[in-house]
Amino acid sequence: MQASDRFNINSQLEHLQAKYVGTGHADLNRFEWAVNIQRDSYASYIGHYPLLSLFAIAENESIGRERYNFMQKMLLPCGLPPEREED
């Protein structure tokens, strides 16, 4: 791998991270990354009606109730954030 290839890959990665929030960045910690993944998943479940109906049938709930439950789970998908250590 040459230096120009490495620069090109890094610039593409930076462009991707600037364009899409869920891809992360250098200062993103593990908890924030997990929250992004969970919220993206719940948004996908809500946005795709066949998948939402599958969850509703599996849990024996109405589709509206399942949509409401997913939206509520989007608030704190991974629980409370961990305590940050002050430097």
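In which helix of the protein is confidence lowest, and in which is it highest? Confidence here is pLDDT, the predictor's own score for each residue on a scale from 0 to 100. The lowest mean, 74, belongs to helix α1 (residues 3–19), and the highest, 97, to α3. Across the protein the mean pLDDT is 85, with 83% of residues at 70 or more. Where pLDDT is low, the predicted coordinates should not be read in detail.

Residues are numbered from 1 along each chain as its sequence is written, and side-chain values use heavy atoms, with hydrogens and water left out.

Let's start with the overall layout. Read from the N terminus, the order of elements is α-α-α-α. Of the 87 residues, 14% count as buried; buried means under 20% relative accessible area, exposed means over 50%, and partly exposed lies in between, using a 1.4 Å probe and protein chains only. Among contacts with a separation of 6 or more, 46% come from residues 24 or more positions apart, a contact being heavy atoms within 4.5 Å.

Now follow helix α2, residues 30–47. Its 18 residues reach 26 Å from first C-alpha to last, close to the 26 Å expected at 1.5 Å a residue; the expected span is 1.5 Å times one less than the number of residues. At the start of α2, a side-chain oxygen of N29 comes to within 3.3 Å of the backbone nitrogen of F31. That is a polar contact: a pair of N or O atoms within 3.5 Å, where within protein one must be able to donate a hydrogen and the other to accept it, and residues adjacent in sequence count only if both atoms are side-chain atoms.

Which residues of α2 are buried? They are F31, V35, N36, Y42 and I46. Looking down the axis of α2, these buried residues fall within an arc of 140°, so they line one face of the helix. The arc is taken from the directions from the helix axis to the C-beta atoms. An α-helix has 3.6 residues a turn, so residues three or four places apart point the same way. The buried residues of α2 pack against α3 (49–58) and α4 (63–73), while the face turned away from the buried side carries the exposed R30 and G47.

Rings of Phe, Tyr and Trp (its six-membered ring) pair if their centres lie within 6.5 Å; planes under 30 degrees apart count as stacked, over 60 as edge-to-face and the rest as tilted. Y45 and F55 have ring centres 4.8 Å apart and planes at 50°, so this pair is tilted. With Y45 in α2 and F55 in α3, the pair ties together parts 10 residues apart in sequence. Both residues are partly exposed, Y45 with a relative accessible area of 24% and F55 with 23%.

F55 also pairs with F70: their centres are 5.3 Å apart and their planes at 85°, so the pair is edge-to-face. This pair links distant parts of the chain, F55 in α3 and F70 in α4, 15 residues apart. F70 is buried, with a relative accessible area of 3%. Together, Y42, Y45, F55 and F70 form one aromatic cluster.

One last stop is N60, in the loop between α3 and α4. N60 has a positive phi of about 55° although it is not a glycine. At 70% relative accessibility, N60 counts as exposed.

Note on methods: Predicted model: local features only at pLDDT ≥ 70, side-chain atom pairs only at ≥ 80, totals over all residues. Helix = DSSP H or I, 4+ residues; strand = E, 2+ residues; numbered from the N terminus.
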